[in-house]
Amino acid sequence: MSSPIHQWSGINIRTANILCEARNQGLLGMEAVDWVVYNRSQRRGWPDTMRGVILQRLQFSWTRQADPNFQWVLGAVGSDDPVVKKENWGSFRNWVQVWDTWRQDGAAQRNYGNPQIMVDPTQGADHYLNVPLVRKWRKGKLPRWANEKKITTVIGDHTFYQLRS
């Protein structure tokens with residue numbers, strides 16, 4: 001059975017992904033998360049749309065119904081309960097406005113893949129994580145794929161990796 005977010009448009013899924021994954025990382029950090037999604041969509045082994053990449057099983061924690069960010073987004077966007085909607089909507093709406101402002105300033109008129117117009121701040125990354133947070137969750141250990149040799153850059157709290165070319 002699919003979750004309610006599977007009914008959302010691509011731009012709504014992307015906005016929710018950016019806000020859930022990077023709302024505390026500044027605009028460059030939010031853009032970087034979106035680039036990772038784009039980079040995956042351009043590589044073999046991944047869905048060929050950004051929406052498909054985000055909704056792929058077990059890729060972004062906020063898409064799991066038990067995750068607090070899922071509840072935050074769903075409460076703000078998808079709830080019919082006026083109390084739930086009111087409690088979540090203010091915070092979500094503020095972040096959507098930040099993202100919309102950034103998009104309207106030209107970055108959303110993305111020409112991904114055209115380096116003369118857009119420069120990928122992740123340098124081709126297709127994965128990222130918050131190293132201290134993941135170490136905390138995983139008793140000091142990082143996933144096997146988080147190899148230092150594959151790091152492309154660090155932006156805010158996120159370390160970016162290119163695992164596939």
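A residue counts as buried when its relative accessible area is under 20%. By that criterion helix α1 is mostly covered, with ten of its 13 residues buried. The model is predicted, and the points below are grouped by topic.

**Helix α1**

- The buried residues of α1 are I13, R14, T15, A16, N17, I18, L19, C20, E21 and A22.
- The 13 residues of α1, at 1.5 Å a residue, should span 18 Å, and this agrees with the 18 Å between its end C-alpha atoms.

**The largest pocket**

- The largest pocket holds about 830 Å³ of space.
- Two or more residues of its lining come from each of α1 (10-22), α4, β1 and α6 (131-137).
- The lining consists of 27 residues, and those nearest the centre of the pocket are E21, S61, Y128, V134 and W137.
- By residue class, the lining of the largest pocket comprises twelve nonpolar, eight polar and seven charged residues.

**Residue S61**

- S61, one of the residues nearest the centre of the largest pocket, is found in the loop that runs between α3 (50-55) and α4 (68-78).
- S61 is classed as partly exposed because its relative accessibility is 29%, and the range for that class lies between the 20% limit for buried and the 50% limit for exposed.
- Leaving aside residues up to four places away in sequence, S61 touches E21 and D67.
- Although 40 residues separate S61 from E21 in sequence, their C-alpha atoms are 8.4 Å apart in space.
- E21 is itself a buried residue of α1, and E21 also lies among the residues nearest the centre of the largest pocket.

**Strands β1, β2 and β3**

- Strand β3 (residues 158-161) pairs with β1 (residues 127-129) in the antiparallel sense, over three bridges.
- Strand β2 (residues 151-155) also pairs with β3 in the antiparallel sense, in this case over four bridges.
- F160 in β3 has Y128 opposite it, and T153 likewise stands opposite F160.

Key. Residues are numbered from 1 along each chain as its sequence is written. This is a predicted model: local features need pLDDT of at least 70, side-chain atom pairs count only at pLDDT 80 or more; totals for chains, interfaces and linings use all residues. Side-chain values use heavy atoms; hydrogens and water are left out. Buried means under 20% relative accessible area, exposed over 50%, partly exposed in between (1.4 Å probe, protein chains only). Contact means heavy atoms within 4.5 Å. Two strands pair if DSSP finds at least two bridges between them. On a 1 Å grid over the protein atoms alone, a cavity is a set of points where a 1.4 Å probe fits but cannot get out, and a pocket is an open set with protein on both sides within 12 Å along at least five of seven lines; lining residues have an atom within 4 Å of a point. Grid points are joined across faces, edges and corners, and a volume is the space filled by probe spheres set on the points. Ala, Val, Leu, Ile, Met, Phe, Trp, Tyr, Cys and Pro count as nonpolar, Asp, Glu, Lys and Arg as charged, and the others, Gly among them, as polar. The expected span of a helix is 1.5 Å times one less than its number of residues.
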